[in-house]
Amino acid sequence: FGAAMVEGVQSSNAIATGKHFPGHGDTAVDSHSGLPIINLPRERFDKVELVPFRKAIEAGVASVMIAHISLPQIDNEQIQPLKNPVLPIYSESVETPKESATIPATLSKKVQTDLLRNQMNFQGLIVSDAMDMSGLTLYIGQEEAAVRAIEAGTDLLEKPADAAAMIRGIVNAVKSGRLTEERINQSARKLLAWKHQMGLFKQKITPIDSIDKIVSSKEVRDLADEVGKQAITLVKDDGKNLPLAKDKKIFILAVTNGPDITFVANTLTRILRQNGYRFEFAALDERSTEADQNRAFERASKSDVVIAALYGRVRSGARNSGMLPPAGANVLQKILASEKPLINISFGNPYLILNYPQMKTYIVSYGDMPSLQKATANAISGNQDFYGKLPITVGNYPLGTGLSLKK
């Protein structure tokens, strides 16, 4: 999948990036808010985390992004937390820094030069993760972080908390001889080469006024609709709730972990109405009161079938990333306990069913884009079949799972 993504992106005159090296999957801390630790041996990385990066490199990926992750069995250099660290503006919480930690991969020559460059033979751009994230800033200032990252092998420093401080640190390091001009030029040449490859010397400025005409064209919308149609996946329908009957009393409950409660399910409901359905609707988010919850459950109780549109999106830096807000989760649990016929649709985190194993009908729609909501509405209406297959294993449902309504 990673190699296919690289080839697709770079066939359209854009740079693809493999991230977050050497693997962010087995972490329990969000690096926006703290420093994750993966205390595993190199042998494990070779078997698991490094596999997709090797495939991406073989596919010619242009850049690789380095993670703010501590890897004590690969680089055990000790670091101490700062007394007055820079805190990010986009993370909702900050972890208490560990009194003694090991250096993040962002600053590790053993990770970037020894492993990625020399052992894995990656010759493209090494890009840092955002340099204002707490996984870095809790332990090291911006001036020193810039210099250490470049010493480790980084070519492009992304999103500093203080750009002036980073530039000052790099300039002073060159003046003192700590960094050579040739080392700076080495990265500059790579950046210039890729800009040339992308045609950015012929067209240096993006014509902003033309963007909407391109990305909102009929051709692009049709492609998005086709992708949506092929993607949505029916994981299980033990409740035999599909296709949705028009003669039932239907209640739709939208649950969102975003700020979009007033319009979150607009496309889903619009297409269902176009398909001839009539229904009641309510939405819940983290601000919903106990009274809101009670009203929603009462309406669900009076219906013949409930559609739970679950927008548990994954959001970087958010404390409830991938999860449902408590108000919505409470009502969902009560509906499940009542054994009311329930069609559950995940418009975000595909693993939601792991928290609600009693779900009898479960659809994974992967995202909240209009194309995915439209395809989902058409599929549960019986106007199209379910064509998608899980690209991952979700609990007892292995990679490749995907049911069809056709007999």
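Ser371 is found in helix α14, which spans residues 370-381; helices here are DSSP runs of H or I with at least four residues, strands are runs of E with at least two, and both are numbered from the N terminus. With a relative accessibility of 14%, Ser371 counts as buried, a word that stands for under 20% relative accessible area, while exposed means over 50% and partly exposed lies in between (1.4 Å probe, protein chains only). Leaving aside residues up to four places away in sequence, Ser371 touches Ala224, Asp225 and Gly228, where a contact means heavy atoms within 4.5 Å.

A word on the source: this is a predicted model, in which local features need pLDDT of at least 70 and side-chain atom pairs count only at pLDDT 80 or more, while totals for chains, interfaces and linings use all residues. Residues are numbered from 1 along each chain as its sequence is written, and side-chain values use heavy atoms, with hydrogens and water left out.

**The chain as a whole**

The protein chain has 14 helices and 11 strands. Its C-alpha atoms fill a box of roughly 80 × 50 × 45 Å along the principal axes. Of its 407 residues, 47% count as buried. Among contacts between residues at least 6 apart in sequence, 76% join residues at least 24 apart.

Beyond residues up to four places away in sequence, Ala149 touches Thr106, Leu107, Gln112, Met131, Thr154 and Leu157. Ala149 and Ile66 are 83 residues apart in sequence, and their C-alpha atoms are 9.8 Å apart in space.

**Two pockets**

Rolling a probe the size of a water molecule over the atoms shows where empty space is left. On a 1 Å grid over the protein atoms alone, a cavity is a set of points where a 1.4 Å probe fits but cannot get out, whereas a pocket is an open set with protein on both sides within 12 Å along at least five of seven lines; lining residues have an atom within 4 Å of a point.

The largest pocket has a volume of about 680 Å³, a volume being the space filled by probe spheres set on the points, which are joined across faces, edges and corners. Its lining holds 15 residues, and Phe1, Gly2, Lys19, Pro52 and Phe53 lie nearest the centre. Two or more lining residues come from each of α1 (2-10), β1 (17-21) and α3 (50-58), and α1 gives the largest share, 4 residues. By class, this lining has 11 nonpolar, 3 polar and 1 charged residues; Ala, Val, Leu, Ile, Met, Phe, Trp, Tyr, Cys and Pro count as nonpolar, Asp, Glu, Lys and Arg as charged, and the others, Gly among them, as polar.

The second largest pocket has a volume of about 380 Å³. It is lined by 19 residues, with His20, His24, Asp30, His32 and Ser316 nearest its centre, and the lining divides into 5 nonpolar, 9 polar and 5 charged residues.

**Rings and charges**

The whole structure contains 2 aromatic pairs. Rings of Phe, Tyr and Trp (its six-membered ring) pair if their centres lie within 6.5 Å; planes under 30 degrees apart count as stacked, over 60 as edge-to-face and the rest as tilted.

| Pair | Centre to centre | Angle between planes | Type |
|---|---|---|---|
| Phe21 and Phe53 | 5.0 Å | 80 degrees | edge-to-face |
| Tyr311 and Phe347 | 4.8 Å | 15 degrees | stacked |

Because Phe21 lies in strand β1 and Phe53 in helix α3, their pair ties together parts that are 32 residues apart in sequence. Phe21 counts as buried at 0% relative accessibility, and Phe53 does so at 8%. Tyr311 and Phe347 are buried as well.

Two lysines also meet rings. The charged end of Lys246 sits over the ring of Tyr277, 4.8 Å from its centre, and that of Lys334 sits over the ring of Phe297, 4.4 Å from its centre. Here NZ of Lys or CZ of Arg must be within 6 Å of the ring centre and within 35 degrees of the ring normal.

**Backbone details**

Most residues other than glycine have a negative phi, and most peptide bonds are trans. A cis peptide bond joins Lys19 and His20, with omega about 0 degrees, and His20 is found in strand β1. Another cis bond joins Leu242 and Pro243, with omega about -10 degrees.
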